[in-house]
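Please look through the sequence and the coordinates before reading on.

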Amino acid sequence: MKIGIIGGGASGMAAAIAAADCGADVTILEQNDRIGKKILATGNGKCNLSNLDMSEQYYHSDNPERILPILEQVTPEDTLAFFHDLGLMTKEKNGSCYPLCEQAAAVLDVLRFALERRGVSVETGCRVNGAEKKNGRFLVHIGRRESHRQEVFDRIILACGSRAGLKNDTEENGTALAGLFSLKRIPFTPALVQLRCRESCFRALAGVRCQAEVTLRAGGHAYREYGELQLTEYGISGIPVFQLSRHAAKELKRRKTLPVMIDFLPQISRAEWETALQDRIGKMAGAAAEQFFTGTVHKKIAGVVLKESGISPAAPVTGMADRRLFDAGMRLKCFPVTVTGTNPFAQAQVCAGGVALTEITDRMEAKRVSGLYVTGELLDADGRCGGYNLQWAWATGIIAGRAAAEGAGRRLRGNITGGKYDTNTAATDTDRAYP
């Protein structure tokens with residue numbers, strides 16, 4: 001059984017190891033100069049492998065009902081066992097799983113070593129331009145005109161990833177390959193990415209980090225996230241923004257702007273803050289306005305709120321009748337900004353969209369093309385921060401690798417240009433020419 005895996009990322013390597021363990025002859029075709037490059041950036045370089053708090057609610061898809069049947073086949077515990085068998089020691093913190101050494105490079109190393117020990121062939125700098133199914137086998141077209149060649153595989157696994165992290169859109173060919181087999185695809189949009197805002201005040205707020213609650217209204221829903229907010233010269237970033245960004249990206253395809261509300265004091269209720277403000281105004285009568293928010297929020301945030309409320313920093317607090325200062329204080333609980341876009345795909349950690357989950361079986365096999373499998377980011381499923389996207393990659397890769405390698409001891413007879421093969425192919429299989 002000869003299996004070709006197009007893409008040497010997390011899901012591709014997991015698929016290769018799983019298939020090789022089942023006795024298959026495996027080749028990885030990777031267009032970059034080395035495999036697993038994106039793994040090195042995960043978890044801020046620590047590689048958040050998975051999360052023990054696993055649920056389909058932490059994932060998004062146009063077909064969310066298809067998530068659980070896949071995740072149940074390879075659980076986070078199964079993923080940790082998989083890596084332990086490869087020699088990686090792990091640790092857990094609040095459900096998030098990391099390598100014991102907290103180095104993403106160690107995760108990539110154990111995967112590379114595992115591929116070497118299993119005799120998996122890895123070809124880097126290898127651009128796949130097309131694929132077709134012919135006489136029950138797959139013909140894969142590699143390279144440009146001057147160096148074009150063909151490889152024949154019994155089964156292939158598309159593990160090409162998404163547009164996330166790509167600086168050049170022409171590098172993205174995963175959905176193009178899926179399109180050759182007429183698989184339904186949902187357009188990619190950036191997810192787990194920064195949001196760009198219209199307001200000029202962000203130039204003054206750049207560099208501020210603070211705990212905040214961010215509320216985004218999109219598609220008739222209000223989405224709220226809490227965590228460390230990062231303010232940049234172009235807008236907002238940080239974990240809560242990343243969690244909301246896929247909703248923003250999809251909504252921005254339908255409209256030009258989105259309202260977002262920031263609560264800079266999420267630990268205090270609105271009623272409690274109203275009382276605290278009134279008390280503070282009374283006690284600080286005569287003090288300069290710039291001193292009023294000292295100890296409550298970052299001074300850059302205080303300065304912007306005062307400026308937007310038309311209050312001079314040197315103006316004195318006038319006591320209980322100081323309504324302007326009270327209103328300025330309430331803006332800290334409800335600070336409006338306008339989102340105009342996301343940062344580009346090059347800065348996104350993952351993408352929303354991809355091959356529709358309705359196109360594949362629970363074994364990750366294309367329903368209409370037997371022997372074709374799809375994994376990882378190329379599928380229409382994206383998770384929250386916290387190890388969920390890597391868990392999806394490991395799970396789908398392992399499932400596909402094992403399924404593709406079934407019957408690895410049985411070789412097909414004949415050749416690619418003619419003859420019949422001892423195999424059962426789906427009646428709907430069709431030959432696909434490459435572009």
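Two residues are in contact when heavy atoms of theirs lie within 4.5 Å, and helices (H or I, at least four residues) and strands (E, at least two) are DSSP runs numbered from the N terminus. The model is predicted, so local features need pLDDT of at least 70 and side-chain atom pairs count only at pLDDT 80 or more, whereas totals for chains, interfaces and linings use all residues. Residues are numbered from 1 along each chain as its sequence is written, and side-chain values use heavy atoms, with hydrogens and water left out.

The protein chain contains 11 helices and 21 strands, and its C-alpha atoms fill a box of roughly 95 × 45 × 40 Å, taken along the principal axes. Of its 435 residues, 54% are buried, where buried means under 20% relative accessible area, exposed means over 50%, and partly exposed lies in between (1.4 Å probe, protein chains only). The chain exposes about 19,200 Å², of which carbon and sulfur atoms supply 47%; accessible areas come from the Shrake-Rupley method with a 1.4 Å probe, and for residues only the protein chains shown count as cover. Among contacts between residues at least 6 apart in sequence, 73% join residues at least 24 apart.

An α-helix has 3.6 residues a turn, so residues three or four places apart point the same way. Just after H3, Gly87 takes a positive phi of about 105°.

Three of the covering elements also belong together in a sheet. The 3 strands form an open sheet in the order E3-E6-E5, with antiparallel pairing, where two strands pair if DSSP finds at least two bridges between them. Strand E3 (50-51) and strand E5 (90-93) stand at the edges with a single partner strand each, so one side of each is left without a neighbour in the sheet. E3 pairs with strand E6 (residues 96-99) over 2 bridges, and Ser50 stands opposite Cys97 in E6.

Which residues have the most contacts inside the largest nonpolar core? They are Phe83, Leu111 and Trp394, in a core of 89 residues; a nonpolar core is a set of buried Ala, Val, Leu, Ile, Met, Phe, Trp, Tyr and Cys residues joined through side-chain atoms within 4.5 Å. The largest share of this core, 11 residues, comes from helix H11 (residues 388-404). Leaving aside its neighbours within four places in sequence, Trp394 is in contact with Ala10, Ala14, Ile39, Leu49, Thr79, Phe83, Val107 and Leu111. Apart from this core lies another, of 47 residues, among them Leu205, Ile281, Ala289 and Phe335.

E12 pairs in the antiparallel sense with strand E19 (residues 350-355) over 5 bridges, and the bridge partner of Ile186 in E19 is Gly354. Strand E16 (residues 235-238) runs antiparallel to strand E13 (residues 195-197), to which 2 bridges join it, and Leu195 has Ile236 as its bridge partner in E16. Strand E15 (residues 221-231) is joined to E16 by 3 bridges, again in the antiparallel sense, with Gln230 partnered by Ser237, and a hairpin of 3 residues leads from E15 to E16.

Helix H7 (residues 239-252) contains Gln243, which counts as buried because its relative accessibility is 8%. Not counting residues up to four places away in sequence, Gln243 touches Leu192, Glu225, Arg384 and Cys385.

The cysteines remain. With a disulfide taken as a pair of cysteine sulfur atoms within 2.5 Å, the count comes to 0. The cysteine sulfur closest to that of Cys101 belongs to Cys47 and is 9.6 Å away, too far for a bond; Cys101 is partly exposed, at 40% relative accessibility. For Cys126 the closest cysteine sulfur, in Cys160, is 11 Å away, which is also too far for a bond, and Cys126 is buried, with a relative accessible area of 6%.
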